[in-house]
Amino acid sequence: MDPVLRTLAVYAVLLVVFRLAGKRSMAQLTTFDLLLLLVVSEATQQALLGEDFSLTGATLVIVTLVAVERTADFLRWRFGWFARATQGRPVVLVAGGKVLAEPMARNHVTESEILAAARSSQGISDMAQIDYAILEESGTISILPRSRSD
Amino acid sequence: MGGGNRVDVGDDPVRRRREWRLERTAWALAALLLLLALAGLFGGGPLSWAGAGSPDGVVHLSYDRFVRGYSPTTLEVSIAPQAAREGRIRLGVSQEFLETVAVQNVTPQPLRVVGGGDALVYEFAADRAEQPLTVAFDLQAEQTGLHRAEVGAEGAQPVRFWQFVYP
């Protein structure tokens, strides 16, 4: 019983923390983010297993984590409100070529980050060539280029 | 899109359906496993909590029927005051069982522990004559499998129980 309940509690804590931290928290993994992730997992490990060194305990934790994640996926697919509550919705940052200052500021995204996303995904180097830039639920920025006929 | 819009990704309806069925079965099994775990089949739940008493009612045990290896578990022994002899209660625990666990702590501390024969005898002070003495053995299971144990107070009938240790 114990490892299953511990895992559920840890999952809930992580879900709340990373949901409230915002979309951008871990989307682009800088070296420091990676370190932070390792430290988080190290801290979590204690809470998950405590003094339990058994194979059975580890198996239960793993199965619980996968099952909870699958269940959350199912709930997101089935209920829109659950998806919005746990993942949020995409945010439009550039619309019709126009940079929207407010959502950019709220999500702490700079124009250079949008240009970086445009360069790596579309081979675009200029703001004028971007039609739409969208901050996705996953925290990545997707770029829709202006079509040539415009 | 030029020459046709079929994209071949090696998809095979029969295999796909078989895979889905396998996945669904695995999910059902995982759900069952977690329910059993919550119920205590793998230690620490209603299925695992167990008690046993000696036929004469002098010794009573609370223990976990299912235990995970290398994780803590407690064996609680309650001994009725009539087992006291000259202010001492002597509690024997079968050697065979003690070989499969590591005793981390015994509360209250025994005055002395005497070995010999097929049991280890823990001797406790029984200062309060009216009340039962409750002894907690903090254990860590070190050998997997099914173990049988016998616990008994001097001058009373022993209690037998079994404990299963998962790897």
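Author: First, a convention: helix axes are lines fitted to C-alpha atoms over the stretch in contact, and angles run from 0 to 180 degrees between N-to-C directions. The model is predicted.

Reader: How do helix H3 of chain A and helix H4 of chain A pack: parallel, antiparallel, perpendicular or oblique?

Author: H3(A) covers residues 55–78 and H4(A) covers residues 80–87. Their axes lie 5 Å apart, at an angle of about 125°. That angle makes H3(A) and H4(A) oblique.

Reader: Which residues of H4(A) meet H3(A)?

Author: H3(A) contributes Ala72(A), Leu75(A), Arg76(A) and Arg78(A). By class, the contact of H3(A) with H4(A) has four nonpolar, three polar and two charged residues. On the H4(A) side are Gly80(A), Phe82(A), Ala83(A), Thr86(A) and Gln87(A).

Reader: What is the handedness of the crossing where H3(A) passes H1(B)?

Author: H1(B) runs over residues 13–39, and its axis is 10 Å from that of H3(A). The angle is about 125°, so the two are oblique to each other. The crossing of H3(A) with H1(B) is left-handed.

Reader: How far apart are the end C-alpha atoms of H1(B)?

Author: H1(B) has 27 residues. At 1.5 Å a residue, H1(B) should span 39 Å. The end C-alpha atoms agree with that, at 39 Å.

Reader: Which residue's side-chain oxygen reaches a backbone nitrogen at the start of H1(B)?

Author: The backbone nitrogen belongs to Val14(B). The oxygen comes to within 3.1 Å of that nitrogen, and its residue is Asp12(B).

Reader: Which residue has a positive phi although it is not a glycine?

Author: Most residues other than glycine have a negative phi. The exception here sits in the loop between helix H5 (101–106) and helix H6 (111–122) of chain A. Its phi is about 55°, and it is His108(A).

Reader: What is the omega of the peptide bond from Thr107(B) to Pro108(B)?

Author: Pro108(B) lies in the loop between strands E6 (101–107) and E7 (112–114) of chain B. The bond is cis, with omega near -5°.

Key
Residues numbered from 1 in each chain as written. Chains lettered and ligands numbered in written order. Predicted model: local features only at pLDDT ≥ 70, side-chain atom pairs only at ≥ 80, totals over all residues. Heavy atoms only, no water. Helix = DSSP H or I, 4+ residues; strand = E, 2+ residues; numbered from the N terminus. Parallel < 35°, antiparallel > 145°, perpendicular 65-115°, else oblique. Contact = heavy atoms within 4.5 Å. Nonpolar A, V, L, I, M, F, W, Y, C, P; charged D, E, K, R; others polar. Left-handed = near helix turned anticlockwise from the far one by under 90°. Expected span 1.5 Å × (residues − 1). Polar contact = N/O pair within 3.5 Å; in protein donor to acceptor, adjacent residues only side chain to side chain.
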